[in-house]
Amino acid sequence: MHLTVITGPMFAGKTTELIRRLKRYQYAGKKVILFKPTIDVRSPEGRVKSHDGKEMEAIEVSSSSEIAEYMEKVEDISAVGIDEVQFLDDDIVEVIKDLVFRGYDVFVSGLDMDFMGRPFGVMPYLLAIADDVYKLKAVCVVCGADATHSFKKKRDSLIIEVGGADIYEPRCLRCWYEGIKEQEGTQLLDES
Ligand code: ADP
Ligand code: MG
Ligand code: ZN
């Protein structure tokens with residue numbers, strides 16, 4: 001009956017918080033189900049893993065319709081989680097609304113912005129319809145302030161490139177903007 005959206009940049013603790021929320025249902029003896037897009041290749045198959053090692057079983061899906069189909073087959077589930085929801089197609093909004101309407105508590109986590117600071121995929125819609133929004137912050141790797149942005153360390157135009165600390169780092173707005181300005185003078189890697 002309730003949609004909670006957990007958002008923020010990379011390393012903000014989104015996956016950790018998502019797992020924590022779902023585990024609370026399990027402690028109460030309730031069943032939960034966690035989905036993740038197949039595109040997220042960082043975690044072991046069939047599991048969601050946070051950067052600080054928290055893990056939970058997950059079902060891999062390549063589209064929002066797979067979530068809808070899967071939910072037709074299950075029983076006694078109280079809460080549904082989706083990690084990295086920004087990677088799913090636009091129809092996920094309708095799928096989530098339907099699940100909430102049918103009585104499930106739905107928890108999703110996803111990046112609010114891509115590495116260029118633009119709203120990411122369906123996230124703006126989910127943030128708008130959520131009952132609760134948690135906007136978490138990481139720690140800026142440059143200056144130690146609260147980090148709201150994900151900075152891509154190499155300069156190319158790929159919006160969806162799945163990776164961890166090798167490709168992205170959390171930065172505050174000031175350090176993110178300075179990084180973008182520094183990169184502006186350099187050639188795009190995928191245009192060379
Ligand atoms: P997200 O899903 O938002 O990417 P995770 O829940 O997977 O985040 O990981 C959060 C964890 O990442 C933190 O608890 C911390 O242990 C670790 N971490 C590593 N670098 C940083 C950083 N610069 N800022 C905050 N947390 C960091
Ligand atoms: Mg995560
Ligand atoms: Zn900073």
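Trainee: Which backbone atom of His51 lies close to ligand 1, and how far from an oxygen atom is it?

Mentor: A backbone N or O atom of His51 lies 2.7 Å from an oxygen atom of ligand 1. Keep in mind that this is a predicted model.

Trainee: And what about Gly13?

Mentor: There, a backbone N or O atom lies 3.0 Å from an oxygen atom of the ligand.

Trainee: How much of ligand 1 does the protein bury?

Mentor: The protein buries 72% of the 580 Å² that ligand 1 exposes when taken alone.

Trainee: OK, how many residues surround it, and which are the closest?

Mentor: Ligand 1 has 15 residues around it, and the closest are Phe11, Lys14, Thr15, Thr16 and His51. By class, the shell holds 8 nonpolar, 5 polar and 2 charged residues.

Trainee: Which element gives the most to that shell?

Mentor: That's α1, with 3 residues. Both α1 (14-27) and β9 (138-139) supply at least two residues each.

Trainee: Switching to the sheet: what's the strand order?

Mentor: The order is β5-β2-β6-β7-β1-β8, an open sheet of 6 strands with parallel pairing. On average, neighbouring strands are turned by 20° against each other, direction ignored.

Trainee: Which strands stand at the edges?

Mentor: β5 (59-61) and β8 (132-135) do. Each has a single partner strand, so one side of each is left without a neighbour in the sheet.

Trainee: How many bridges join β1 to β7?

Mentor: There are 7 bridges between β1 (residues 2-8) and β7 (residues 105-111), and the two run parallel. As one example, Ile6 has Ser109 in β7 as its bridge partner.

Trainee: Back to α1, which strands does it lie across?

Mentor: α1 lies across β1, β2 (31-37), β6 (77-82), β7 and β8, and runs at about 170° to β7.

Trainee: And where does α3 lie?

Mentor: Helix α3 (residues 92-101) lies across β1, β6 and β7, at about 155° to β7.

Methods:
Residues numbered from 1 in each chain as written. Chains lettered and ligands numbered in written order. Predicted model: local features only at pLDDT ≥ 70, side-chain atom pairs only at ≥ 80, totals over all residues. Heavy atoms only, no water. Near = heavy atom within 4 Å. Polar contact = N/O pair within 3.5 Å; in protein donor to acceptor, adjacent residues only side chain to side chain. Areas by Shrake-Rupley, 256 points an atom, 1.4 Å probe, with all protein chains shown as cover. Helix = DSSP H or I, 4+ residues; strand = E, 2+ residues; numbered from the N terminus. Nonpolar A, V, L, I, M, F, W, Y, C, P; charged D, E, K, R; others polar. Pairing = 2+ DSSP bridges. Axes fitted to C-alpha atoms, helices over the stretch in contact; angles between N-to-C directions. Contact = heavy atoms within 4.5 Å.
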